[in-house]
Amino acid sequence: MLIPVPPMGWNTWNTFAADINEELIRSAADSIVKLGLREAGYTYVVIDDCWSLRERDPHTNEIVADPAKFPGGMKALADYIHGKGLKFGIYSCAGVRTCADYPGSFGHEFLDARTFAGFGVDFLKYDYCNVPVTGQAPLLYRRMGQALRTCGRDILFSACNWGIEEVGTWIRSTGAHMYRSTGDIADNFKSMSNIATGQIPHLSQSAPNCFNDLDMLTVGMFGKGNVGSSGCTMVDYQTQFSFWTLMGSPLMLGCDPRTMTPEIVGLVTNRELLRINQDPAGLQAYRINHCWGNPECFTLARLLEGGDIALGFFNISENPCGNLLLLEHIGLTYESGMRLRMVDCFTGEEQYSGRDTVKVPKLPPHGCLVYRCTPVKA
Ligand code: GLA
């Protein structure tokens, strides 16, 4: 199964944790369609942990959906989601129990993959709590990888071991299509910016068919829900979304789709940002530090299909900060006779760089600007 561009969708965990049921999933799916999120590409509707009974069926050994939360059963829910033109995702764990203490798939990988296929599942998030053996992550992910590849249904494999055991060095050997590389995100700027800056050096391990997953977005949560701490401002969320798009992360929304504000919908459906995230070349972003060395004020650059370059100017500090980017750093020399035509991804406004440098206006604390740039004759 080929997954050439970062997967997009919605996941229950950030906002709802254990407080999930079929009514919620149906109405979330309805909102995803109504708000135009499906059209923008957010197609996977993923139920995270806490969907099953606490114990397997004693006769068949199968994991069973909790009838109190899902009285109609998973197959009917999958049918509803498919009927909306969306795809259905579910969660399990490589350990004997999930992180929230429900049955895990250890020792039952092939049975569970068949069960999920029977539900009509299109996406499996596979966590790493309560594994009875240490240092065996590659083997455990290969097991579920094989179980999915042989279960008779195309199921996107989303690994989640938080970056331990150097996951980026072996995860592509398991058949996983995306993989979490960090601990859980919290809805505050520090958590989000630490995840982003910590993963920039590892972006060579993210490419078509297996993407580094920076975790579900907290964009739009405003402190509500399960990973809510202080919450973030709109500027913080613009910066989070810009990091995730430029870094080619899967885009899994984590806020409540039923109460998203128009401003948040506008942000996560921003065409230019999504076009960068979903760029077919799937090349990695890289970091450029600025001349005077403030490490919290830097650029991410990424080559795009067709000759364009995405540039993101980030200020993750608590003070305003201006940027001066030398075009030499992206390989564009004075001698080339070129400069950049730059289109602001938020406003659509166009500007030109000089032949040597791009002057970026002072960014507010936590602020960013993202441009799609085309090298043109100066
Ligand atoms: C782990 C994962 C989270 C979520 C929870 C569920 O912490 O990293 O994304 O799936 O488990 O218990």
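First, the ground rules. This is a predicted model, where local features need pLDDT of at least 70, side-chain atom pairs count only at pLDDT 80 or more, and totals for chains, interfaces and linings use all residues. Residues are numbered from 1 along each chain as its sequence is written, and side-chain values use heavy atoms, with hydrogens and water left out.

Now the fold. The chain has 10 helices and 16 strands. Those are DSSP runs numbered from the N terminus: helices are H or I with at least four residues, strands are E with at least two. The radius of gyration is 21 Å, close to the 21 Å that the globule rule gives for 378 residues, so the chain is as compact as a globular protein of that length. That radius is taken over C-alpha atoms, and the rule is 2.2 Å times the number of residues to the power 0.38. Along its principal axes, the C-alpha trace spans about 75 × 40 × 35 Å.

Burial next. Of the 378 residues, 55% are buried. Buried means under 20% relative accessible area, exposed over 50%, partly exposed in between, with a 1.4 Å probe and protein chains only. Then contacts, meaning heavy atoms within 4.5 Å. Among those with a separation of 6 or more, 73% come from residues 24 or more positions apart.

On to the cysteines. How many disulfides does a search of the whole structure find? Two. The criterion is a pair of cysteine sulfur atoms within 2.5 Å. Numbering the bonded cysteines in sequence order, the pairing is 1-2, 3-4.

Take Cys 99 and Cys 129. Their sulfurs sit 2.1 Å apart. The torsion about the S-S bond is about 100°, so this disulfide is right-handed. Cys 99 lies in the loop between strand 3 (87–93) and helix 5 (109–119), and Cys 129 in the loop between strand 4 (123–127) and helix 6, so the pair ties together parts that are 30 residues apart in sequence. Cys 99 is partly exposed, at 37% relative accessibility. Cys 129 is buried, at 18%.

Now Cys 297 and Cys 321. Here the S to S distance is 1.8 Å. This link is left-handed, with -110° about the S-S bond. It connects distant parts of the chain: Cys 297 in strand 10 (residues 297–303) and Cys 321 in strand 12 (residues 321–326), 24 residues apart. Both cysteines, Cys 297 and Cys 321, are buried.

Cys 50 is buried, at 3% relative accessible area.

Last, the largest pocket. Its volume is about 270 Å³. On a 1 Å grid over the protein atoms alone, a pocket is an open set of points where a 1.4 Å probe fits, with protein on both sides within 12 Å along at least five of seven lines. The volume is the space filled by probe spheres set on the points, which are joined across faces, edges and corners.

Lining residues have an atom within 4 Å of a point. There are 18, and Met 1, Arg 149, Ile 155, Gly 175 and His 177 lie nearest the centre. Helix 6 (residues 137–149) gives the largest share, three residues.
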